[in-house]
Amino acid sequence: MQRNKYCIEGMNFRGEGIASSADPNRKTVRIANAIEGEIVWATEVPFDPDLPRHLQKNIAYLRSVETPSPRRVAPQCKHWQRCAMCQYACLEYEEQAKIKFDHWIKLISKFVDLSKLPNDIQFKPAIYRHGYRNRCEGLLSFDGIEPIFGIDPRDDAQFVERAETGKSLPIPMTACAMHTPELNRWIAQVKPYIEPCGFVSGTKFSFEANDDTSSARVIVYAMPDTAKKSRAATQKLAQFMAPTGAAFIFQELPPRGSHVYPTAESFGNSPWYAYDIEPHTGNVLCALKGAWTPVNPRHAHLIRQTLEEMSADLHFQHVCEIGCGCGTHTGVFAPKSERYTGIDASWPAIQSAQFNAHHATNWHNATFYTDTAEHYLDKRYFKGERSDAIILHSNRLPYSAHTAELCKRFGAQTLFIVGPTAYALAQECHHFTELGYRMVKLALCDTLPMSYHMMGVAMLISKP
């Protein structure tokens, strides 16, 4: 396959090197694991004339580095070149953090004037820098010898492998440095039972493990055409693994185009899965069935600690948290308010939150509802309800400007916005600054080292 020489002119927010393309159909090409200033050899994924230009993958696969950057370090994982999970394997952590921070600030500054912040913007570094994930997802594949719990390689890596070898096998989960030993231990325990239980190739597994290795949760996802067989296999697996204390959950994926998920089923041990303990209150946070859990429970402390610091010495009449999940931040705001309300569109998440409220020591004023943001804010407004503080959890895409208008109409004087992407956080803050709010605090929390992901937390107040 043809290799071309490239001079890496810069790096994008995904941690990829940017270079001028050798293909006349493209202006630039993205090369993963290439650092600014390097000269590298790479193979471009061919231009597909049958695809619209906006769907073209302007990517190339790094083959060798001719002139390495002085910032380059030897990756710790042997799968760094193929894996899509760790985008900064070739850089020391301090370099990773600087690139991520600069990209976030650059994007947010396009939507919000950060020069008016009264204090410096905070950067909270990751607690764990290597082996930091307590949750992973992958597909089951068979290479003709043994089953592989694998992560699909990057698109460019798959293209090269298929062209040169005729196949593209996934990266074995247990060999990947991004996982904690606790997680790999549970994967290794499940692996011997996969063939005897009758799982088919293409079955999707999600593994979640506690830091203390005391328990784990394994979720099996199946398409409708294999659901019956996968459900029976999950039940058999749960019977084999019953002595380990792991909880097994089966979830049938919806048909293409459908947004209705069948009810998740729990096999074996209790579906309740404790993933964290708040250090000061002793509140056990649990998640049920398909409810959200953090990639690493301890990294969730970064967000909670940040919210605690931002809201220090404040007290509210009514706090409304939109996207409350299983109550990860309820322990921060319930003690600071006369009344706390958590809203989430996920019914399993609200079940988890209600379970946590029943067992927590200081959530006596907390109530939880399954609802969407706009429907709840509109309906409750006409019933006379108001909130002087709102916590808004953005998705990877932000809420609409209309949601921001509803929050203001709902009486919010103080806003806490938690965003998983720079774009979502920037857009949310932009919506509110257009309505007369001003940002007073901003913190960027590195909850996913080795990757380009972070979490941002912003505090805004209504202008007097």
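Trainee: At what angle do α9 and α10 pack, and how far apart are their axes?

Mentor: In this predicted model, α9 and α10 pack at an angle of about 30°, and their axes are 10 Å apart.

Trainee: Why are α9 and α10 called roughly parallel?

Mentor: The angle is about 30°, and angles under 35 degrees count as roughly parallel. The two helices, α9 and α10, are therefore roughly parallel to each other. As for handedness, α9 passes α10 in a left-handed crossing.

Trainee: Which residues make the contact between α9 and α10?

Mentor: From α9, the contact involves Ala373, Glu374, Leu377, Asp378, Tyr381 and Phe382. From α10, His402, Thr403, Leu406, Cys407 and Arg409 take part.

Trainee: What makes the pair Asp378 and Arg409 a salt bridge?

Mentor: Their side chains meet with an N to O distance of 2.7 Å. The criterion is a side-chain nitrogen of Lys or Arg within 4 Å of a carboxyl oxygen of Asp or Glu, so the pair Asp378 and Arg409 qualifies as a salt bridge. This pair links distant parts of the chain, with Asp378 in helix α9 and Arg409 in helix α10, 31 residues apart.

Trainee: How do you know whether Asp378 and Arg409 are buried, exposed or partly exposed?

Mentor: Asp378 has a relative accessible area of 33%, and Arg409 has one of 31%. Buried means under 20% and exposed over 50%, so Asp378 and Arg409 are each partly exposed.

Trainee: Which salt bridge does Glu66 form, and what parts of the chain does the pair link?

Mentor: Glu66 forms a salt bridge with Lys5, the closest N and O atoms being 3.3 Å apart. The pair links strand β6, which holds Glu66, to strand β1, which holds Lys5, across 61 residues. Glu66 is partly exposed at 42% relative accessible area, and Lys5 is partly exposed at 46%.

Trainee: What is the partner of Arg63, and where does that partner lie?

Mentor: Arg63 meets Glu164 in a salt bridge of 2.9 Å, N to O. Arg63 lies in strand β6 and Glu164 in helix α2, and the two residues are 101 residues apart. Glu164 is partly exposed, with a relative accessible area of 45%.

Trainee: How many salt bridges does a search of the whole structure find?

Mentor: The search finds 20 salt bridges.

Trainee: What of Cys286: how far is its sulfur from the closest cysteine sulfur?

Mentor: The distance is 8.0 Å, to the sulfur of Cys326, which is too far for a bond. Cys286 counts as buried, because its relative accessibility is 5%. The structure holds zero disulfides.

Trainee: Finally, why are α1 and α11 described as roughly parallel?

Mentor: Their axes come within 9 Å and cross at roughly 30°. Angles under 35 degrees count as roughly parallel, and α1 and α11 are therefore roughly parallel to each other. Here α1 passes α11 in a right-handed crossing. Trp104, Leu107 and Ile108 of α1 meet Ala422, Tyr423, Leu425 and Ala426 of α11.

Definitions and conventions
Residues are numbered from 1 along each chain as its sequence is written. This is a predicted model: local features need pLDDT of at least 70, side-chain atom pairs count only at pLDDT 80 or more; totals for chains, interfaces and linings use all residues. Side-chain values use heavy atoms; hydrogens and water are left out. Helices (H or I, at least four residues) and strands (E, at least two) are DSSP runs, numbered from the N terminus. Buried means under 20% relative accessible area, exposed over 50%, partly exposed in between (1.4 Å probe, protein chains only). A disulfide is a pair of cysteine sulfur atoms within 2.5 Å. Axes are lines fitted to C-alpha atoms, for helices over the stretch in contact, and angles run from 0 to 180 degrees between N-to-C directions. Angles under 35 degrees count as roughly parallel, over 145 as roughly antiparallel, 65 to 115 as roughly perpendicular and the rest as oblique. A crossing is left-handed if the near helix is turned anticlockwise from the far one by less than a right angle, and right-handed if clockwise. Contact means heavy atoms within 4.5 Å.
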